[in-house]
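Hi everyone, thanks for coming. Let me put today's structure on the screen, and then we can walk through one part of it together.

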Amino acid sequence: MSIETDKATAQAEIRALMEDWLRAVRANNIEGIVSHYAPDIVAFDAIAQLQFKGVEAYRKHWEACLSMCPGPMIFEIHELAITAAEDVAFGHYLTRCGAIENGEEKASWMRVTVGYRKTNGEWMIVHEHFSAPFDPHSSKALLELEP
């Protein structure tokens with residue numbers, strides 16, 4: 001198999017992982033969400049803490065985040081780009097996330113970078129970073145920006 005074929009296969013495997021992860025997020029399926037994370041994940045989310053070390057810490061954070069969305073979840077992945085090698089890869093995308101509360105859509109755009117590692121033939125997320133741009137003069141997040 002050629003290097004280009006290997007890269008294409010890795011990218012397809014990671015896209016499938018992301019689709020499965022996205023289905024779990026939209027279904028509020030915490031087990032499905034965290035099953036995609038390596039035990040030693042380091043995550044930088046846009047809310048609550050500076051960092052999360054380990055899947056159990058990140059699970060608790062995801063549980064808190066899901067509890068903030070009482071209505072139907074909004075979670076979309078746009079412009080997913082993946083670069084892959086034999087056993088490591090990274091990707092980035094824009095996400096529109098939030099929920100519908102009392103019939104009103106409350107969502108904003110975020111930026112996401114993800115790192116993957118292949119261990120024993122399985123891709124796992126080892127790093128995830130959600131962020132929002134901010135105004136350095138006011139220190140406020142710019143949640144109304146759109147691509």
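Let's begin with a question: on the other side of α3, which residues are exposed? They are K60 and S67, where exposed means over 50% relative accessible area, buried under 20%, and partly exposed in between, with a 1.4 Å probe and protein chains only.

A quick note on the source: this is a predicted model, so local features need pLDDT of at least 70, side-chain atom pairs count only at pLDDT 80 or more, and totals for chains, interfaces and linings use all residues. Residues are numbered from 1 along each chain as its sequence is written, and side-chain values use heavy atoms, with hydrogens and water left out.

Now the helix itself. Helices here are DSSP runs of H or I with at least four residues, numbered from the N terminus. Helix α3 covers residues 55-67, 13 residues in total, and its first and last C-alpha are 18 Å apart. That is close to the 18 Å expected at 1.5 Å a residue, taking 1.5 Å times one less than the number of residues.

The buried residues of α3 are V55, Y58, R59, H61, W62, C65 and L66. Viewed down the axis, they fall within an arc of 165 degrees, so they line one face of the helix; the arc uses directions from the helix axis to the C-beta atoms.

Have a look at R59 in α3. R59 counts as buried because its relative accessibility is 16%. Leaving aside residues up to four places away in sequence, R59 touches I30, E31 and V34, contact being heavy atoms within 4.5 Å.

Notes. Helix = DSSP H or I, 4+ residues; strand = E, 2+ residues; numbered from the N terminus.
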